[in-house]
Amino acid sequence: MKHRYLPLLLLLATALAAEVALSLLSPVSICGFELRDGGFADVFSARAEVAALAVQPCVAPAVADSTASQPADTVRVDTTMHTVLLVGDSMLEGLGPRLAAYGDANGFAVYSVIWYSSTSEYWGKSTKLADYIRRIKPDFVFICLGANELFVRDIERKRSRYVEKIIADLGSTPYLWIGPPNWKADTGINALIAAHAAAGCYFRSAELVLERNADGAHPTHEAANRWVDSVVDWMSAHTPVMPPMERPEAATSRPKRVYVHSPHEK
């Protein structure tokens, strides 16, 4: 009784095999009529893709290098930065707390070195910058100098070698020199620093409109905060290498450590 259905089963199996074969070879036309695809090719293809993925390592897909077609001054943000060094004159009293807030918000520590009444000559004759770089090993250095040299005559002859020395002391460490916040026209210190700094490594503060303290020179705390924000905004479009700089919610914070040097210290 069972053998009565064997020819029928064989016929059905043959038909099924033919359908599968035609599906894998689709589209197939016979005498002008196109046979419909049974969908087996899609099933087998999908299973093959799944099987291939199962044996591949779990890695992120490769992303094409987008810097090749970008302009030369495109910012390259280094998110591995952990330590930022801020050096300069008394202007750091306003800059340091705001920069420290950026550090808290972006995962880097700020070390501040305030040398009161200092000039490029002070730093250029000293080993302080090289010593602090060797000691702290910063990933990025901010310099703010020039406010005490706004009115030095024959500035290029008197200060050029010291500006060169400061930049040389930085070595390969990425940096930004923040120019002085002029309250009057200077005798050339801004132009001198800009001439020696690398491209995208000098921020000119001379034209900023900043409210001042009673001395008429130092920006108020609120103005200093805006000054730092202006620096950061400018860096995003000009500085070749910079630490991560998302705008912090807190207005200010404390640097990890502040080193202080007296006006006439060697």
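Angles under 35 degrees count as roughly parallel, over 145 as roughly antiparallel, 65 to 115 as roughly perpendicular and the rest as oblique. The model is predicted, and local features need pLDDT of at least 70, side-chain atom pairs count only at pLDDT 80 or more, and totals for chains, interfaces and linings use all residues. Residues are numbered from 1 along each chain as its sequence is written, and side-chain values use heavy atoms, without hydrogens or water.

**Exercise 1.** Determine how H6 and H7 are oriented to each other, and which residues make the contact.

*Solution.* Helix H6 spans residues 155-170 and helix H7 residues 189-196; they pack at an angle of about 40°, and their axes lie 10 Å apart. H6 and H7 are therefore oblique to each other. Their contact (heavy atoms within 4.5 Å) involves Ile-155, Glu-156, Arg-159, Ser-160, Val-163, Glu-164 and Ile-167 from H6, and Ile-189, Leu-192, Ile-193 and His-196 from H7. By class, six of these contact residues are nonpolar, two polar and three charged, where Ala, Val, Leu, Ile, Met, Phe, Trp, Tyr, Cys and Pro count as nonpolar, Asp, Glu, Lys and Arg as charged, and the others, Gly among them, as polar.

**Exercise 2.** Determine how H5 is oriented to H6, and which residues make the contact.

*Solution.* Helix H5 (residues 128-136) packs with H6 at an angle of about 10°, the axes being 9 Å apart. H5 is therefore roughly parallel to H6. On the H5 side, the contact is made by Leu-129, Ala-130 and Ile-133, and on the H6 side by Ile-166, Asp-169 and Leu-170. The contact residues comprise five nonpolar, no polar and one charged.

Technical notes:
Axes are lines fitted to C-alpha atoms, for helices over the stretch in contact, and angles run from 0 to 180 degrees between N-to-C directions. Helices (H or I, at least four residues) and strands (E, at least two) are DSSP runs, numbered from the N terminus.
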